[in-house]
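Dear colleague,

I am handing over the structure shown below, together with an account of what was found in it. Please read the notes alongside the model.

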Amino acid sequence: MHLHNIDPLTKLISRNYLLDIIKTKLEHPNVMNKLSLLYIEFDDLDRFNDLFGYDIDDQLLLQLTKKFQNIVDAESVVARVGNYQFAILLYIDNIKEKSHELAENIIGLLREPFCIGENMFYVTASIGISVLSSDISDAYKLLKTAENTMRKIQKNGHNNIAFTKLLTDESLKKEIELMKDLPSAIDSGEIYFVYQGQYSHDKKKFVGAEMLTRWNHPKYGYISPFIFISLAEKSGMIGPLTIKLLIEASKMFERLEADGIKDFSLSVNISPVVLMEKSFYDTVVFLLDSYGLKGKNLTFEIMEDTISNNLDSFAKLLNKIKDLGINIAIDDYGTGHTSLSYLINLPIDYIKIDRSFVTGIDKETKKFLLLKTIIEMASTLDMKVIVEGVEEYSEDDLIKMFKDMTIQGYLYCKPIEEDEFMKKVYLDE
Amino acid sequence: MKKILLVDDIDFNLEFEIKLIKNIIEEKKIEIEIDTANNVTNAIELINSNSYVAMIVDMHLPDGSGIDIAKVAREKQPATRIAALTIYPSQYEDQKEYFDMFLKKPIMLDSYKDNFLKLLNI
């Protein structure tokens, strides 16, 4: 095989060599409806170079190659046919079903993050499939049809996950549309923020609030944050969204101060994807300096379930953030699968006890005792506690037994818009 | 002093860009004066009465497009370096001639900084 037939980075065969292989296959008898080609294009891999540094795209391509090679059988051929384009040639019975299955497997692979060093990446792609038939009967046509199919659906997906016609269904179409609309929704303010107050039993007033993100989509209406945050994480939009959230926090601090409300804390959720971005720390420093966030009572909430297994580097990063004067809270405490040792290794100021440990404490003694134990443990480790999901007076009465409790739940405050929230805070002051 | 023009209809974005540029100016120890406009009309008024080394123009404006601004700027001040700020750079493939570069929205700190310096040939 000539060197120019091999891609020097991935060691996969090239576009021209793939065409030669297809031509050879075409010489086999009964090849009709047994041969298909998947044309896969990855979206904007070079954007990761901006975020994480030079040549991350190359490393991602190498990992993708490895994953492809692991999921195809010995009869299939994987080729690199362009910068971010791969093709897989399948030669098998039940070709339509098998191609469909393989495309789904590939999309499935992409739902998992890629890890390079300490960074985590979500990669998205569009896949076009063509099957050898009387209409598509030569090597070039097979490749070109798959590519064209991919291009067509890629337009719908606009640099995001898109599927061949074979794979499209309503929910996926919606997902693609939402992903496409995310950047402008962030830019235009269609995605906005609400506040859920945190009430102190001891001080008998609101002492802080968690800022939550909302999206009222013009076509689909209310979109659950679980959905659009995950889409933002996949599409590289979580960084800009977090920047917007932090700037909004700075405006809220200004407003609170102008109204004479001091010592008020604001918490924002920080996705592990953002946290692991190389530029995140510098971004936070910039926002602190430029938007007057320095010295403010700002808390970063990190979901327990996303705490990295690499505790050492995670701790290092959180310590750096803490040195900037930002508090760290563990969100949804008790729901993760991480070893509890993180409580010792990470610089945690608050633990937010998940609602599942709170709902029903007035009815189940064991549940109440578990909550009591968690509160005592936190206090021993010098961490403050925020109890989430308090919805009943009977639950709240039991929590009042403990000192220095902060409550975040519908009983005191639903997530509400800024003006309404400010009225609530004034009433308590 | 060198002057630049920023055009965006969303104040939040303008404020963010100004702070970012001030940060770069401080870091690189350069002196730049920043003018801002919220729409095409305003921007063209400013171009008619000022000389800019560079401008960063949002493509989607209430009374027109960034192209309307770039066309006037190219005629009046051919040496001005112009960057388009847009979510979808690929939509403007045919109008590339009016711009020296395309910056992606929403703004990412690192790439904005790098591109800003390139725009100013620094």
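**Findings in the two chains**

Among contacts in chain A between residues at least 6 apart in sequence, 65% join residues at least 24 apart; two residues are in contact if their C-beta atoms, placed from the backbone, lie within 7 Å. This is a predicted model, in which local features need pLDDT of at least 70 and side-chain atom pairs count only at pLDDT 80 or more, while totals for chains, interfaces and linings use all residues. Residues are numbered from 1 along each chain as its sequence is written, and chains are lettered from A and ligands numbered from 1 in the order in which they are written.

**Chain A as a whole**

Chain A has 15 helices and 15 strands. Helices (H or I, at least four residues) and strands (E, at least two) are DSSP runs, numbered from the N terminus. The chain is divided into domain 1 (3-168) and domain 2 (177-428), with bounds that come from an automatic or database domain assignment. The centres of these two domains of chain A, taken over C-alpha atoms, are separated by 40 Å.

Of the 429 residues of chain A, 39% count as buried. A residue is buried if 20 or more other C-beta atoms lie within 10 Å of its own, exposed if 12 or fewer, and partly exposed in between, with C-beta atoms placed from the backbone.

Strand β15 (residues 405-408) of chain A is covered on both faces. A:Met405 and A:Ile407 on one side are buried, as are A:Thr406 and A:Gln408 on the other. Strand β7 (residues 191-200) of chain A runs antiparallel to β15(A) and is joined to it by two bridges; two strands pair if DSSP finds at least two bridges between them. Here A:Ser200 stands opposite A:Thr406. Strand β14 (residues 384-388) of chain A runs parallel to β15(A), and four bridges join the two. In that pairing A:Val385 stands opposite A:Met405.

Two residues other than glycine have a positive phi: A:Lys204, near 55°, and A:Asp382, about 65°. A:Lys204 is found in the loop between β7 and β8 (205-217) of chain A, and it counts as exposed because it has 9 C-beta neighbours inside 10 Å. A:Asp382 is found in the loop between α13 (365-380) and β14 of chain A. With 8 other C-beta atoms within 10 Å, A:Asp382 is exposed.

**Where the chains meet**

In the contact between the chains, 14 residues of chain A touch 10 residues of chain B. On the side of chain A, α2 (47-52), α6 (170-188), α8 (238-258) and α10 (280-290) each supply at least two residues. By class, this side has six nonpolar, five polar and three charged residues. Ala, Val, Leu, Ile, Met, Phe, Trp, Tyr, Cys and Pro count as nonpolar, Asp, Glu, Lys and Arg as charged, and the others, Gly among them, as polar.

**The sheet of chain B and its helices**

Chain B holds an open sheet of five strands with parallel pairing, in the order β2-β1-β3-β6-β7. Its edge strands, β2 (32-37) and β7 (101-104), each pair on one side only. Within the sheet, strand β1 (residues 2-7) and strand β3 (residues 54-58) of chain B pair over four bridges in the parallel sense, and B:Val7 stands opposite B:Val57. Five bridges join β3(B) to β6(B), where B:Ala54 has B:Arg81 as its bridge partner. β6(B) and β7(B) pair over four bridges, with B:Ala83 opposite B:Met101. Five of the six residues of β6(B) are buried, so this strand is mostly covered.

Helix α4 (residues 109-119) of chain B lies across β3, β6 (81-86) and β7 of chain B, running at about 160° to β7(B). Axes are lines fitted to C-alpha atoms, for helices over the stretch in contact, and angles run from 0 to 180 degrees between N-to-C directions. In the loop between β7 and α4 of chain B lies B:Pro106, which a cis peptide bond with omega of about -10° joins to B:Lys105.

α2(B) lies across β1 and β2 of chain B, at about 140° to β2(B). The axes of helix α2 (residues 40-49) and helix α3 (residues 66-76) of chain B come within 10 Å and cross at roughly 10°. That makes α2(B) roughly parallel to α3(B); angles under 35 degrees count as roughly parallel, over 145 as roughly antiparallel, 65 to 115 as roughly perpendicular and the rest as oblique.

With kind regards
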